[in-house]
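Work through the exercises below with the model open. Each task is followed by a stepwise solution.

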Amino acid sequence: MITGELKSKIDRLWDAFWSGGISNPLEVIEQITYLMFIRRLDILEKAKENKSNRTGRLVENPIYADDAQVLRWSVFINESPENMLMTVRDGVFPWLRTLGGEDSTYAHHMKDARFTITTSNLLAKAVDMINGIDMGDKDTKGDLYEYMLGKIATAGQNGQFRTPRHIIQLMVEMMAPQPGDEICDPACGTAGFLVASAEYVERTHREALFEPAQRKHFNESMFHGFDFDSTMLRIGSMNMLLHSVENPDIRYRDSLAQSAAGEADRYSLILANPPFAGSLDYDATAADLQKVVKTKKTELLFLALFLRLLKPGGRAAVIVPDGVLFGSSKAHKELRKLLVEGHKLDAVVKLPGGVFKPYAGVSTAILFFTKTNSGGTDNVWFYEVTADGWSLDDKRTPLLPEEKLGPLVGDGTLSEDQHVKNNLPDVLARWRRRNGSEQERARTEQSFCVPKEDIAAQGYDLSLNRYKEIVHEEFAHRAPGEIMDELARIEAEIQQGMSELKGMLA
C-alpha cells in the first residue's frame with residue numbers, strides 16, 4: 001500500500017494540474033504516465049550501462065544516441081524549471097514519438113503522444129513527485145497507479161467505466177490463472193484485469209517464473225488487451241509495465257467491428273467488463289459475430305466474441321448487464337441457450353445494484369463459462385451478492401477495516417456481522433465447493449445450484465430470482481373478538497382511573 005505522505009503528494013499534484021488548466025482525470029494520468037515512462041527509459045539505460053561497465057563491452061541496443069543524452073531524465077531534472085520545460089516539450093517528446101530503442105508496445109503507442117503541461121512550475125512539481133518514487137519497488141509503482149486510476153470518477157464514452165479493484169480481484173481469484181494461460185481482455189481500458197492476473201500468477205506461481213521460457217511467456221505472450229481508445233492503450237500499457245510485464249500485447253482493435261477470424265480459438269482465459277453502449281448497426285459489426293447471434297445489442301455481441309476468441313476448454317469470467325440474464329428477444333434466448341447447451345455455463349454471480357456507482361447505477365452479474373463446443377452444463381451455481389464491503393450509494397465508503405475488505409481477508413474468514421457487509425470471501429470459498437457441498441444447498445440460501453433441466457424448462461432464463469425460493473415467516477394473528485374484548489377491558493380501566501382521579505381532585 002502507498003503511504004499517506006505519497007497520497008498527499010499525488011493529491012497536491014492533482015490540484016496543481018487542475019489549477020494549471022488540465023482538469024480531465026484521464027489527461028492528468030496520461031501526462032504523469034509520459035513522465036514515468038521517460039524516467040523508466042533512463043533507468044533501463046543505466047542498467048545497460050552498468051552491465052557494459054562490468055563486462056567491458058559496448059552498451060547493447062542503447063536507447064539514447066550520443067546526441068540524445070541531454071534528453072535523459074537524470075540530465076534534464078537538474079536544469080531550471082524553464083529550461084526543463086523547453087527540453088521536455090521541444091526535445092524529449094518529438095524524440096519519443098519516433099522512439100524505436102525500446103521494443104515495447106508502449107513505445108508504439110507513444111507516436112500519438114501530446115505534451116499538454118504548459119507551465120514550468122507544474123512540470124517541476126510533477127517531476128519532483130515522480131523522482132521521489134522508488135521505481136524499483138513494483139508494489140509502490142502499481143499502487144500509485146491504481147490510486148491515480150481510482151480518481152477517474154466519470155463514465156467515459158461508449159459506456160466505459162472503471163471496474164472496482166475488489167470485483168476484479170474476486171474474478172481473478174475465482175478463475176485462478178495459471179502460468180501457461182494466454183489471457184485476453186477484448187475491452188481492456190486501463191488493463192485492470194490483466195494487471196490483477198499478473199499479480200496473481202506472480203504470487204501463486206513465483207517459482208515457475210524463474211524458468212527463462214516461462215518468464216518470456218509472462219513478459220511477451222501471456223497478456224493480451226484490445227481497445228480503440230489511444231489514451232486507454234497508453235495508460236493500460238504503462239500500467240502493465242509498472243507491474244513488471246515488460247512487453248504485453250496491448251493494441252488498437254475495435255473488437256466488435258473487426259473480424260475475429262485471426263484471433264479465433266486462441267485464448268485460454270478471458271476476463272472482461274466490456275462497455276455496453278446499446279446498439280450497433282449491422283454494417284458496423286463484424287460478420288463472423290453476426291453468424292453466432294443476429295443482434296445489434298453490444299452486450300450480446302461481446303459474449304459472441306468471447307466464444308469466438310476462446311480455444312476449446314478456455315474459460316471466461318465476464319460482467320454483463322442484468323438484461324442478458326432474462327431478456328426476452330430471440331437473440332437473448334438463443335445466446336443463453338448456446339451457453340447452456342452448446343458450452344458449459346459454470347456460474348451466475350449476481351452483483352448488488354450500487355457496485356458501479358458513482359459511474360453508473362446499472363444492475364449487473366458475472367457470468368462464468370467454459371467453451372466446449374459440445375455442451376457439458378449439468379448444474380449452474382448461483383450466488384446473490386448483497387454487499388461488497390462498501391456502501392452502495394454514490395460515496396461508496398468502506399464498511400469494514402481495510403484488512404477485512406475484498407475477497408482475501410486476513411485469516412480468510414469473516415464473522416457473521418462482517419459477512420453481512422462483505423460477501424466476497426464467502427463467494428470465493430463457496431465457488432471452490434460448487435461441485436461438492438454447494439450441490440446440497442437449498443434454494444432459500446444465498447448460494448445454490450440449479451440443474452440444467454430446470455433452466456431449460458424456464459426458457460433458459462438465468463435471473464437468480466427465477467430459481468430462488470423465498471420463505472415467508474408465518475405470523476399468528478389473534479382472533480378479532482379477542483382483540484375487541486381486550487380493548488374493552490383497557491377502556492374500562494381508563495374510565496375507572498379517570499373517575500378515581502376526579503374523586504381525588506374534588
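**Exercise 1.** Find which residue of β5 stands opposite Leu269.

Solution. In this predicted model, Leu269 stands opposite Arg315 of β5. Now widen the view to the strands. β4 covers residues 267-272 and β5 covers residues 310-321. Their pairing is parallel and runs over 5 bridges.

**Exercise 2.** Give the strand order of the open sheet and name its edge strands.

Solution. Start with the order: β3-β2-β1-β4-β5-β7-β6-β8-β9, 9 strands with mixed pairing. Next, look at the ends. β3 (249-252) and β9 (447-451) each have a single partner strand, so one side of each lacks a neighbour in the sheet.

**Exercise 3.** Classify the packing of α8 against α17 and describe the contact.

Solution. Take the geometry. α8 (residues 165-175) and α17 (residues 424-431) pack at about 15 degrees, with axes 10 Å apart. Angles under 35 degrees count as roughly parallel, so α8 is roughly parallel to α17. The crossing of α8 and α17 is right-handed. Then list the contact residues. α8 supplies His166, Leu170, Glu173 and Met174; α17 supplies Leu424, Val427, Leu428 and Trp431. Sorted by class, the contact has 6 nonpolar, 1 polar and 1 charged residues.

Terms used. Residues numbered from 1 in each chain as written. Predicted model: local features only at pLDDT ≥ 70, side-chain atom pairs only at ≥ 80, totals over all residues. Heavy atoms only, no water. Axes fitted to C-alpha atoms, helices over the stretch in contact; angles between N-to-C directions. Helix = DSSP H or I, 4+ residues; strand = E, 2+ residues; numbered from the N terminus. Parallel < 35°, antiparallel > 145°, perpendicular 65-115°, else oblique. Left-handed = near helix turned anticlockwise from the far one by under 90°. Contact = heavy atoms within 4.5 Å. Nonpolar A, V, L, I, M, F, W, Y, C, P; charged D, E, K, R; others polar. Pairing = 2+ DSSP bridges.
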